[in-house]
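Keep the viewer open while you read.

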Amino acid sequence: MAYEYDDQNIFAKILRREIPNDTVMETDYTLAFRDIIPQAPEHILVIPKGFYVNHDHFAADATDAEVLDFTRVIGAITHAIGATPSTGGSGYRLIANTGNDGVQDVQHLHFHILSGRRLGRMLQPV
Ligand code: 5GP
């Protein structure tokens, strides 16, 4: 089934500057901004500027440059906020909620970066 991108989703509006955002980092291919309802001291959303619904869409159709930039931006942010264990940081969590079971609210690919407190176990055992 083809991916259908709804350009009225809230992150599409952020990309068109129709609504404001608190930008953390921006490149030609990627935008990172603070979540409006933070669930940790650092809660940053990273989105590609391309119109991808979710990660499997991105993995299938994004250019190498988009994929590389997206990955590097996430790495640069975790480093910039002091979260990377390799430089003495306490760690972080990356989440990409996807589809119905993943409880994805906004239908534009986004990774959550959460950091700044111990986050607890992600899920309960089944
Ligand atoms: P999802 O549930 O799709 O993985 O996460 C969507 C996230 O987008 C939520 O954490 C929510 O707080 C955030 N969000 C929703 N609307 C806005 C908005 O207008 N601005 C910002 N910065 N974040 C938003």
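A polar side-chain atom of H108 sits 3.5 Å from the backbone oxygen of G50. That makes a polar contact here, meaning a pair of N or O atoms within 3.5 Å; within protein, one must be able to donate a hydrogen and the other to accept it, and residues adjacent in sequence count only if both atoms are side-chain atoms. H108 belongs to the loop that runs between β4 (92–95) and β5 (111–115). Helices (H or I, at least four residues) and strands (E, at least two) are DSSP runs, numbered from the N terminus.

Is H108 buried or exposed? H108 counts as buried because its relative accessibility is 0%. The cut-offs: buried is under 20% relative accessible area, exposed is over 50%, and partly exposed is in between (1.4 Å probe, protein chains only).

This is a predicted model, where local features need pLDDT of at least 70 and side-chain atom pairs count only at pLDDT 80 or more, while totals for chains, interfaces and linings use all residues. Residues are numbered from 1 along each chain as its sequence is written, and side-chain values use heavy atoms, with hydrogens and water left out.

## F51 and A62

F51 is in the loop between β3 (42–48) and α2 (55–61), and A62 is in the loop between α2 and α3 (64–80). Along the chain they are 11 residues apart, and their C-alpha atoms are 9.3 Å apart in space.

A62 has a relative accessible area of 13%, so A62 is buried.

## Two positive phi angles

Most residues other than glycine have a negative phi. Now look at R17, which is not a glycine but has a positive phi of about 65 degrees. R17 is in the loop between α1 and β1 (23–26), and it is partly exposed because its relative accessible area is 44%.

V103 is another one to check: it is not a glycine either, and its phi is positive, about 55 degrees. You'll find V103 in the loop between β4 and β5. With a relative accessible area of 55%, V103 is exposed.

## Around the ligand

Where does the ligand sit? It's in the largest pocket. On a 1 Å grid over the protein atoms alone, a pocket is an open set of points where a 1.4 Å probe fits, with protein on both sides within 12 Å along at least five of seven lines. A molecule sits in one if more than half of its atoms lie within 2 Å of its grid points.

There are 17 residues around the ligand, and D35, N97, D105, H110 and H112 come nearest; a residue counts as near if one of its heavy atoms lies within 4 Å. The shell divides into 10 nonpolar, 4 polar and 3 charged residues. Here Ala, Val, Leu, Ile, Met, Phe, Trp, Tyr, Cys and Pro count as nonpolar, Asp, Glu, Lys and Arg as charged, and the others, Gly among them, as polar. α1 (10–15) and β2 (30–34) each supply at least two shell residues, and α1 gives the most, with 3.

## Contacts with the ligand

H112 uses its side chain instead, with an N or O atom 2.8 Å from an oxygen atom of the ligand. The protein covers 85% of the 520 Å² of accessible area that the ligand has on its own, by the Shrake-Rupley method with a 1.4 Å probe.

Key: On a 1 Å grid over the protein atoms alone, a cavity is a set of points where a 1.4 Å probe fits but cannot get out, and a pocket is an open set with protein on both sides within 12 Å along at least five of seven lines; lining residues have an atom within 4 Å of a point.
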